[in-house]
Amino acid sequence: MKKLITVLVVAVVLLGLLVLMGPFYIQQEGYQSVIVRFGQITRVETDAGLKLKTPFVDNVVTYPKKILMWDGEAQRIPTKENQFIWVDATARWRISDPAKFYESISSLDSAFGKLDDVIDSAVRTVISSNFLREAVRNSNDIMNSTSSETFETGDAEGSDSLRQLTQTDASYDSIEKGRRALSTDMLAMAQQLTPEYGIEIIDVIPRQIRYSDELTESVYNRMIKERNQIAQAFRSFGEGKKSEWMGKLENEQRSILSKAYEEAEIIKGSADARATKIYADAYGRDRGFFDFWRSIESYRTTMPKFTKTLSTDMSYFDYLYGPRGR
Amino acid sequence: MPERNVTPIRGLKVGTIVLIVIAVAVIALFSTSFFVVDQTEQAVVLTLGKFSGIAEPGLHFKWPFGLQRNYNVKTKVVQTEQFGFRTAQLGVQARYEDRTYPEESTMLTGDLNIVDVEWIIQYRITDPKAWLFNLQDKQKTIRDISQSVINMLVGDMTILDVMGSQRVAIEQAGQQLMNETLKGYGLGIEIITVKLQNIVPPVGVQAAFEDVNKAIQDMNRLISEGKEAYNKEIPKARGEADRIVQIAQGYAAERVNKANGDVARFSAVYEEYRKAPDVTKDRLYYEMIEAVFADEQNVELIDSELSNFIPIKNFGTQAGGDR
């Protein structure tokens, strides 16, 4: 009994050892391997599962079958018009021929080194042989853009003229290729070199493009100036509108008041005319009495205000000083 | 039994070891034979390294000792990537990191301006097998593609469009392009949302952009000021005009009424005067004199016979009639 158990344990351990070092190995999904016997490639296994190998003799070198990523440093590259921009590119690649890869490069690290050389130079070549706009833009859609400032003035006609004033003068050079096509160019250029390494580059994509620092500064200045000019247009439009209102104000004020004056004078004149006619009709009946009556009325109103020194020979005093009284 | 008596310790030892070995084997067997898949996940099962199926949520059996392996993948969970900013702490009031990520957010627009764009994408893993085995640096790839797509779209527009009207267009086109590209790699995910967050001009020019908004405010303020002055004066002027006309009408009425009154009185008196002209004339004369002198106090009366009178009275004294 005891012996049996011992034998069993030993057998299991041996089996385990055999399995461990022996003729099998497990290849995971997403990996591929090269079987090397005494330095010579005998087989390439590209699909997953339980694989056979000769123990102690075969050496299994495993590579990923997955798509791998390459991420380069951002490069400072002059464009065709000699403006310096930073281009940060990234690429995807895979080991398409593990045998060749083993022969020519063998380790992933040195593969990345190779890719650095190949892709960096492709990016550099393509960017520097094209204008900046080709790298930035992808289509000519921008030429149909009707972008404008958004604002409200509460007056449609004024808004229109202001819109024209603040429109960024949009004349864009048309592009021939665009960013996508440049990507394709970079890929084509990089791909030429890599098949001999057993590498297939899937794509090369500029992840970010931005101005170099000294260029950034002058672009900022340009943007600021552009904004200032637009801000100025708004302010001066406002000033103009205000003046317009002030003018309208003065115009209407004057015309309203003068109109009123005119109307008032007409009313007064016709009243005066009527009064004159009334007086003339009445007073004309007896010219002599009118003179007397009107004089008396006039004395009544004017005389009390005078300082008076009277002479005794007024007829009023006839009875006071005159012979009839004495 | 005698053996045991002779070497009790050794016998015990062998039995125990065997028991322990069996127990360990059994524990190992069971502990490596089951796996749990959470409701949020699906599990990819590999048999001897080869894909053999997908396990849905629940408890599952698998071959022990790593002969079958399971890889749980969160297929129901929506995952988010942030660009140009990071959430420092989630919560009711999320906090965001202060630092910026210009290497992600700085972009060139089609009119060769610079703009800072922040955005997020949300995605879900749709094919766990593809997700696990087709690509090496998945998260980085997703980020790179998202970045390059947004860069490209922004590069096709003017800065004003990017900041204004074309936001939604960028989001939609971005989602479509990212999905196309990632599908090309067989990544097994689907981008379900692309949302642009802050889109601002770079810090150095923000003031100038702000100033345009201020200018628009200034413009509206100036226009309002003009209207205000207009509104302040014109209704007043209209009222003033009305006043002038009203006064004139008042004058007219007064003038005519007075004339009528004067004439009526004159006519009445005249009728009586015709009946007794001399008496009436004298009476009217005396009445007038009375009225004129009624309130007078310091009137001086000078005899017409006196020839040496200085015909100016009261030098330096106040005139009497000026009350």
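Biologist: What makes strand β10 (residues 309-311) of chain A and strand β12 (residues 300-302) of chain B a pair?

Modeller: Strands pair if DSSP finds at least two bridges between them, and these two have three bridges, in the parallel sense, so they count as paired. Within the pairing, A:L310 stands opposite B:L301. Strands are DSSP runs (E, at least two residues) and helices likewise (H or I, at least four), numbered from the N terminus. This is a predicted model, in which local features need pLDDT of at least 70 and side-chain atom pairs count only at pLDDT 80 or more, while totals for chains, interfaces and linings use all residues. Residues are numbered from 1 along each chain as its sequence is written, and chains are lettered from A, with ligands numbered from 1, in the order in which they are written.

Biologist: How do you know which residues of chain B are in contact with chain A?

Modeller: Contact requires C-beta atoms, placed from the backbone, within 7 Å; 98 residues of chain B are in contact with 99 of chain A. Helix α8 (residues 203-275) of chain B supplies the largest share of chain B's side, 41 residues.

Biologist: Why is the set of 80 residues called a nonpolar core?

Modeller: Such a core joins buried Ala, Val, Leu, Ile, Met, Phe, Trp, Tyr and Cys residues through C-beta atoms within 7 Å, buried meaning 20 or more other C-beta atoms within 10 Å. The largest set that qualifies has 80 residues, with A:I119 and B:V115 among those with the most contacts inside it. Helix α3 (residues 108-128) of chain A gives the most, eight residues.

Biologist: What places this core between domains of chain B?

Modeller: Domain 1 (2-73) and domain 2 (79-201) of chain B both give residues to the core, so it lies between them; the bounds come from an automatic or database domain assignment.

Conventions:
A residue is buried if 20 or more other C-beta atoms lie within 10 Å of its own, exposed if 12 or fewer, and partly exposed in between; C-beta atoms are placed from the backbone. Two residues are in contact if their C-beta atoms, placed from the backbone, lie within 7 Å.
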